[in-house]
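The sequence and model come first.

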Amino acid sequence: MAALFFYGTLMVPAVLERVLGRKGTGLTTSDAVLDAHARFHVAGCDYPAVVSAPAGSAILGRALSQDEGSVRGSLVTGLTPEDVAFLDEFEGDEYIRTSVVVLAPDAVPAEVYLWKGDRLHRLQPSLWSFSDFMREKAHRWVGTSADKAEYAEVDRRRAMGGKITPPVDAADSTAAEKELPVFGAKFREQFWQFEQGWNNINHGSYGAAPTPVIKQMRELTALNAAAPDRWMRDESLGYIKGLRDLRARLGDFVGCDASDIVMVGNATTGVNAILRSLTTVWEKGDKFLYFSTTIYNACSASLQYLVDTHPHLELGLVPIQLEYPVSHAQVIAATKKAIKDEEARGGRIRLGFIDALSSNPGVIVPWEELTKIFREHNIISFTTADFWVSNCHKWLLGHAGCAVMYVAKKNQHIIHSIPIGHYYTIREPSPTGNPDWTSEFEWNGTIDWSPLLSINAALDFRAFCGGEKRITDYCHTLAIEGGELVAGILGTETMRNKEGEGELVANMINVRLPIEPPSASVPAAEARRTMDVQKNYLQQTQIDHYQTMAPGFIHAGKLWVRLSAQIYNDIEDFRKIGDVLKEVCEKIERGEHKRT
């Protein structure tokens, strides 16, 4: 038997019975409270929506009061599976049934229909009142003695078969669509906690969580502190249930089954978990292909570690050097050539390790075409086909550190957690996957799960912002416009391809610095040391004296910076960093970096 918490129209016994198609025999109803949530009006509709407290704060544009952050409703127990099926159809695709804990008055596990995160724009910034509903709207749902349209709204929803169409009077976008937030400086002041005057132009390195995400993380930390054993051990009230629900939500977000992904602390951890698990796969003479001039240092070091720790297998690396700007066609051609050359030498490339978006420079890589090439040559693909890892604390706006790791079903029997924990086991290969592989990543030592579980608040916040396309369009456009502005201030250029050669810019753009490289007559090692000193001075001076930091890097013998555009940035932030970089570069040209 199921227990559900109702907070809107289903608090009316007659409505609940109509939805279930039976009398309430065997059901028990009691008052209950759902904490850390808020109840809002759905624009143009009589019924409410309940969302997490962080999402509620985002909708109101301020912190919730204690009363606003709790929802009073009814806990109904004794519901049969058939009852729940009718309720699922009635609530439809606007809500998702989610496990929670309610106070009735003791803590009780239950389920509740929460409003879906991709529909937050339909919620009005006003709290819904059950007493107001009973006084003004209930007649549409239960009728009156003189009303021939009893249960009209109940039956209208049931007739939709789970695909809910709002009433006609909710279709007017001026009434139903909540005005979307304006990105930029004011948005930053409202939802981020940067120190006064700090210009955060380096989101791509560490991310920066908005306040609703930080708030949810702290609330989750408090749950752990309040009852550690319940949080760690109880699968219905603790972190494990939240973790499994999150994986299901992220699976929908990235387009895979929940059993194909696990959560890890950061991308480097995920990369190492996969690469070290593949130890049993390698054969003598296997080679690992990668782009040596753009790869993240921790990843190239991880590949080298495999070579160094398997001397008996004589593993090797196949580095491909790219000097950007490079067209996508040239990247593909260089990859094909490296594979062909290795095969001609009698070698075998077993792993293709590539980024979808490289580190330094931060450019888009044609990973889809490269994945096809790897598949044609029976090369394990560390992109999306076989394995994929991505931080959630950067462009997803989660709290550091959290990352998602995907493993294709055919490979799930191979992969084990780092460190090995309680649930390690040998698994047999299966084309339909090994769902129990995820258990190893649910418990392999005590950690703080709060940053990972607060990804829910990040997803809610992104929906509040208007969704993925709106966020990406803003950041991409700002990156290009801001990067060109900075290049103009410096008198240099951005790292861009010509039209038709493939886009390099996602939400980060690379700008060359106006610093003359060492003479060609200078030995390469000495030239590199000189540029490293310049780069380090550039970065530390920004932090120490200018309240900002655009990361510098050396590529193709020149100094560049990588600039990130996020929804809390605007064009003025790029103008400021341009002025700062110009001033610091002038100091380097005068030789001031040599005196530090």
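## Strand S3 and its partners

Strand S4 (residues 48–52) runs antiparallel to S3 and is joined to S3 by five bridges. Helices (H or I, at least four residues) and strands (E, at least two) are DSSP runs, numbered from the N terminus, and two strands pair if DSSP finds at least two bridges between them. Opposite Phe-40 stands Ala-49 in S4. The hairpin of S3 and S4 has five residues between the strands, and Gly-44 takes a positive phi near 75 degrees there.

S3 is also joined to strand S8 (residues 123–127), by two bridges and again antiparallel; Val-42 has Leu-123 of S8 as its bridge partner. S3 (residues 37–42) is mostly covered, with five of its six residues buried. Buried means under 20% relative accessible area, exposed over 50%, partly exposed in between (1.4 Å probe, protein chains only).

## Basis of the model

This is a predicted model, in which local features need pLDDT of at least 70 and side-chain atom pairs count only at pLDDT 80 or more, while totals for chains, interfaces and linings use all residues. Residues are numbered from 1 along each chain as its sequence is written, and side-chain values use heavy atoms, with hydrogens and water left out.

## The three-stranded sheet

An open sheet of three strands has the order S16-S18-S17, with antiparallel pairing. Strands S16 (508–512) and S17 (552–555) are at the edges with a single partner strand each, so one side of each has no neighbour in the sheet. On average, neighbouring strands of this sheet are turned by 40 degrees against each other, direction ignored.

S17 and the antiparallel strand S18 (residues 558–564) are joined by four bridges, and His-555 has Lys-558 in S18 as its bridge partner. Helix H21 (residues 524–546) packs on the sheet, touching S17 and S18, and its direction makes about 155 degrees with that of S17. Axes are lines fitted to C-alpha atoms, for helices over the stretch in contact, and angles run from 0 to 180 degrees between N-to-C directions.

## Nonpolar cores

A nonpolar core is a set of buried Ala, Val, Leu, Ile, Met, Phe, Trp, Tyr and Cys residues joined through side-chain atoms within 4.5 Å. The largest has 64 residues, of which Phe-6, Leu-79, Leu-87, Phe-461 and Ile-567 touch the most other members. A second, separate core of 32 residues includes Leu-275, Val-307, Leu-313 and Phe-382.

Notes
Contact = heavy atoms within 4.5 Å.
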